[in-house]
Amino acid sequence: MAITREEVRRVAALARLRLEPAEEERLTADLDHILEAFARLSSVDTRTVEPTAHVEDFGAYLRDDVATNPPAGDEPLANAPATRGRLFRVPRIIE
Amino acid sequence: MTTAGIEPVIGLEVHAELLTRSKIFCACSATFGGEPNTNVCPVCLGMPGLLPVLNRRVVEFAIRLGLATHCAIAANSRFARKNYFYPDLPKGYQISMYELPLCTGGHLEVLVDGQSRRIGLTRIHMEEDTGKNIHEPNADTSLVDFNRSGVPLLEIVSEPDMRNVAEAGAYLRTLRSILQYLEICDGNMEEGSFRCDANVSVRPAGTTALGTKVEVKNMNSFRSVEKAITYEIERQAAALGRGESLRQETRLWDAEREETRPMRSKEFAHDYRYFPEPDLLPLVVDRTWVDEVRATLPELPAPRRERFVRDYQLSTYDADVLTQRKDIADYFEAAIAAGAAPKEMANWVTTELLRIVHDEKLDRALVIRDWPVTPTQLARLATLVQSGTINRNTAKALVPRLRGTTRDPQELVAAEGLGQVSDRGALEAAVADVVARHPAQVAEFRSGKERVLGFLVGQVMKATGGKANPQVVQELLRTALVA
Amino acid sequence: MSALHELSVVEAAARVRRREISAVELTRAALARIAAVEPQVGAFLTLAEVEAIAAAEAIDRRVAAGQDPGLLGGVPVGVKDIICTAGLRTTAGSRILETFVPSYDATVTARLRAAGAVIVGKLNCDEFAMGSSTENSALAVTRNPWDGKRVPGGSSGGSGAAVAARECHAALGTDTGGSIRLPAAFCGVVGLKPTYGRISRRGVIAYASSLDQVGPLARNVADVALVLEAIAGHDPGDSTASPRDVPAYRTALEGSIRGLRVGLPREYFVEGMQPEVEAAVRGAVDELERLGARVESVSLPHTEYAIATYYLIATAEASSNLARYDGIRYGLRAPGRLALGDMYETTRAAGFGAEVKRRIMLGTYALSAGYYDAYYLKAQQIRTLIRMDFQKVLEQCDALVTPVAPTTAFRLGEKTADPLTMYLSDIFTISVNLAGLPALALPCGFDTAGLPIGLQVIGRPFDEATVLRLGHAYERATTWHTRGAPL
């Protein structure tokens with residue numbers, strides 16, 4: 001098996017996805033199937049190969065330190081599901 | 001509580017908010033405050049489709065700190081995503097640095113009980129700050145403000161080189177001092193621009209293996225850091241003493257109960273799934289840029305302290321106090337340039353001047369500009385006292401009168417006849433008068449109570465409108481009392 | 001004179017400029033066409049009739065005042081719903097953004113407007129651009145204008161279908177693993193995925209950041225070149241956008257292709273391809289040779305690893321890019337008084353479709369502790385090998401020619417049972433994204449069912465000009481692109 005149901009549960013928790021048992025089962029089968037197919041990658045010798053993080057041929061773009069954004073009006077909150085005044089409202093955060 | 005036989009191992013992780021004009025990845029102002037969610041834009045709110053663009057000055061500040069702490073500045077470094085879910089983290093990941101930080105392998109020289117100790121720095125890297133969660137009491141909701149989201153931070157990670165609380169405190173003060181000298185962070189723990197997490201473990205003295213590491217968070221002042229680390233060392237030592245094993249965990253400092261406690265939330269084992277940030281290209285910092293930044297570095301606290309000891313013959317302690325802040329050290333040297341004697345001036349600055357600075361919280365500013373008196377004025381006062389022209393009390397009383405003016409104290413002394421009276425003849429009468437009026441105290445002194453002399457000197461000072469030379473008064477009194 | 005909606009972009013813009021037709025006329029014609037055929041095609045998620053007419057009127061005023069209406073002045077265009085449009089709903093084909101209205105334009109949207117284009121609406125796509133058929137859209141079904149029982153391709157299926165159905169003269173799509181080229185091929189239109197970094201991604205809802213690129217779809221190569229010129233170029237809002245100058249692509253089209261060296265990668269002519277597809281592509285290659293190109297066989301040895309490499313990298317980046325959809329600042333939030341953890345989990349479970357969940361899971365797994373080296377890192381290393389394969393052959397060749405897909409448009413529902421089968425549709429397009437190269441898809445024939453077949457031309461980094469020139473030369477010698485869908 002390339003991936004177990006336990007691992008699927010762990011990954012779903014990391015990704016904050018609530019899965020129904022049937023979904024969990026199907027995903028385990030799907031991911032297992034996909035990862036088995038991808039297993040052939042391990043046969044490629046990459047010992048001296050640099051990973052590609054970026055394909056670009058140019059260097060980092062740096063911006064000048066100027067604060068040109070105006071104070072925001074209603075836009076930040078316009079799509080918010082729940083607010084109180086100008087604050088976003090969420091279920092209680094427990095530390 | 002004895003922790004004999006136990007060696008604490010302490011590492012500190014500091015997050016410093018930078019004093020740039022704009023945020024690290026967008027052009028919102030970095031000085032936030034005001035109405036919630038007004039100092040935001042689609043980038044720092046994590047709106048769909050928006051991308052980070054790196055602020056050059058953040059890199060410059062990071063290079064400055066790296067050079068000031070003897071780090072190696074990487075020619076190639078890279079941003080990475082730290083993935084986790086939290087309401088104040090708008091993108092669901094924080095753009096930070098992981099495998100390839102900008103600065104590595106530096107150190108700080110810290111003074112503990114007059115001895116210099118070297119504490120290693122593992123790394124310094126750049127990252128973005130999160131928004132702020134606001135917890136309402138008795139509510140089942142929390143509120144989130146993103147004004148702070150995207151403010152630039154430097155994360156400064158020390159090696160676990162500290163072995164006691166004093167070293168930890170000294171390290172933090174030294175680091176804050178350096179940040180202020182470089183004018184990249186105002187180092188204010190109470191306001192959150194300088195934050196500290198501690199990693200604490202203990203082991204039997206003389207061993208080298210590291211014990212279980214506990215991370216301690218939520219310390220909001222230098223005192224809290226010291227108390228929390230002290231508490232944690234004792235807790236761990238006591239547990240080991242009872243034969244208990246310790247859990248690797250994150251604990252929060254509870255300032256009210258004065259204890260650390262484990263976090264209540266179900267803490268997912270932190271799998272941050274770091275990977276290189278694809279929206280930002282690798283950062284190249286060449287020699288030229290590093291040299292340009294190096295040329296802008298001021299003389300740093302430790303070398304300046306050593307120079308003060310050497311050139312001004314000050315004690316290490318005094319030199320340390322004077323060089324904690326660059327503006328104070330600059331003030332001191334300006335006063336020397338105006339003619340004050342170093343030892344005198346050291347005394348005046350560390351007592352009189354700093355008292356006012358602390359009382360009026362002038363040191364809240366990154367650089368103090370609003371001095372109670374100018375260096376030249378203070379230099380003049382010190383010189384007047386040293387030459388005996390006025391006594392110390394008169395000088396102290398003159399400070400508030402000089403404030404906000406450019407008046408020469410000497411001219412004021414002359415104008416109001418504030419000169420010190422040192423002539424013995426002039427003072428004898430006052431002395432005799434005081435002796436006559438206070439037979440009880442005279443008797444006490446004669447019976448051995450040295451301390452009452454101070455009272456009698458005070459009475460003479462009062463009688464002379466504060467102008468008497470206290471040393472002369474003391475001599476005359478002793479003579480009179482013996483008789 | 002052909003109906004207004006049949007005009008090419010180049011011709012329409014020219015006529016507006018010459019004041020032969022008005023922008024409002026063009027826009028009304030497009031809107032009428034949309035009303036007529038949308039029930040069969042379903043390309044649009046949101047129509048912007050009022051805004052479009054207002055924009056068209058503004059163009060007409062400019063023209064009347066003697067001002068330059070812009071490269072695309074007056075031309076009705078559609079925009080894939082993964083690209084933000086200020087004040088106009090942008091859903092990414094997902095329930096989680098079903099009511100989201102951005103307050104900002106993507107850079108490409110702003111450039112379209114600045115060029116005078118008239119945005120008539122937002123086009124359907126696979127949810128978060130994840131898919132090859134547009135069947136993963138949570139909000140609508142788009143049908144192939146050539147056969148309503150078949151898929152238009154994906155993920156920019158709405159873009160391909162709308163252009164093929166003549167509902168708009170051009171459309172913007174995005175391409176991460178083939179999502180412009182596949183719909184272009186399946187719908188018989190021209191689509192370009194530019195070099196990574198040629199066009200700004202600012203305001204484009206991210207799927208896989210190191211692979212996503214915006215590109216134009218239109219009915220011929222010259223139109224695509226014109227739109228490309230209008231939207232390409234540096235953007236200080238996107239650190240990955242190239243600072244290179246934008247050539248006048250529309251003028252780069254002319255010129256002979258005699259002597260151009262064209263490579264045919266042998267790994268792209270495999271068993272299992274639909275025979276008519278192979279025949280059409282080989283026929284196109286023969287045509288190119290007749291036009292003077294020198295064709296040779298080349299090898300891209302790591303092709304067999306491309307699908308796995310792509311799906312590990314793209315899903316890893318996607319799992320991170322989609323973490324912001326948490327119900328807090330915008331988008332769907334699960335109803336009811338839930339604890340924070342429950343709110344996150346149920347919101348995302350309700351808002352994301354099955355394919356998106358599958359990819360988030362795969363990507364999260366590939367990055368997770370203990371698996372990063374074996375999956376994500378390994379994939380990035382093989383990506384380097386794939387890039388090097390292309391670099392090597394593009395030293396001896398000016399361009400490569402391949403099929404776009406192994407088959408013509410398949411039926412709706414045909415490949416939805418097994419995700420891997422769907423992933424294999426991307427087999428010829430995917431490596432190009434891994435290498436960041438420009439690639440054009442254009443019609444090169446039809447199968448016996450009358451379904452379009454696409455030819456892919458791959459070029460060197462930032463050499464869109466050669467790719468477009470090759471495509472244009474081929475187009476001038478053939479008439480495939482003139483055949484319209486029977487709507």
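This is a short talk on how chain C meets chain A and chain B.

Hi everyone. A word on conventions: this is a predicted model, where local features need pLDDT of at least 70 and side-chain atom pairs pLDDT 80 or more, while totals for chains, interfaces and linings use all residues. Residues are numbered from 1 along each chain as its sequence is written, chains are lettered from A and ligands numbered from 1 in the order written, and side-chain values use heavy atoms, with hydrogens and water left out.

Let's begin with chains A and C. Here 51 residues of chain A are in contact with 64 residues of chain C, contact being heavy atoms within 4.5 Å. The two chains bury about 5,000 Å² between them, 66% of it on carbon and sulfur atoms; buried area is the accessible area (1.4 Å probe) that two parts lose on being put together, summed over both. On the chain A side, the residues that lose the most area to chain C are Arg18(A), Phe38(A) and Leu41(A), together 14% of what that side buries.

Now for the charges. Five salt bridges are counted between chain A and chain C, each a side-chain nitrogen of Lys or Arg within 4 Å of a carboxyl oxygen of Asp or Glu. One is between Arg18(A) and Asp342(C), at 2.8 Å from N to O.

Which elements does chain A bring? Helix 2 of chain A has the largest share, nine residues.

On to chains C and B. This contact takes 36 residues from chain C and 30 from chain B, and the buried area is about 2,800 Å², with 58% from carbon and sulfur atoms. Three residues, Ser239(C), Arg324(C) and Arg329(C), supply 22% of the area that chain C buries here, more than any other three.

How many salt bridges does the rule find between chain C and chain B? There are two. The side chains of Arg201(C) and Asp279(B) form a salt bridge, 2.8 Å from N to O.

Finally, chain B itself: an automatic or database domain assignment divides this chain into domain 1 (6-293), domain 2 (299-415) and domain 3 (424-482). Taken over C-alpha atoms, the centres of domains 2 and 3 of chain B are 31 Å apart.

Technical notes. Helices (H or I, at least four residues) and strands (E, at least two) are DSSP runs, numbered from the N terminus.
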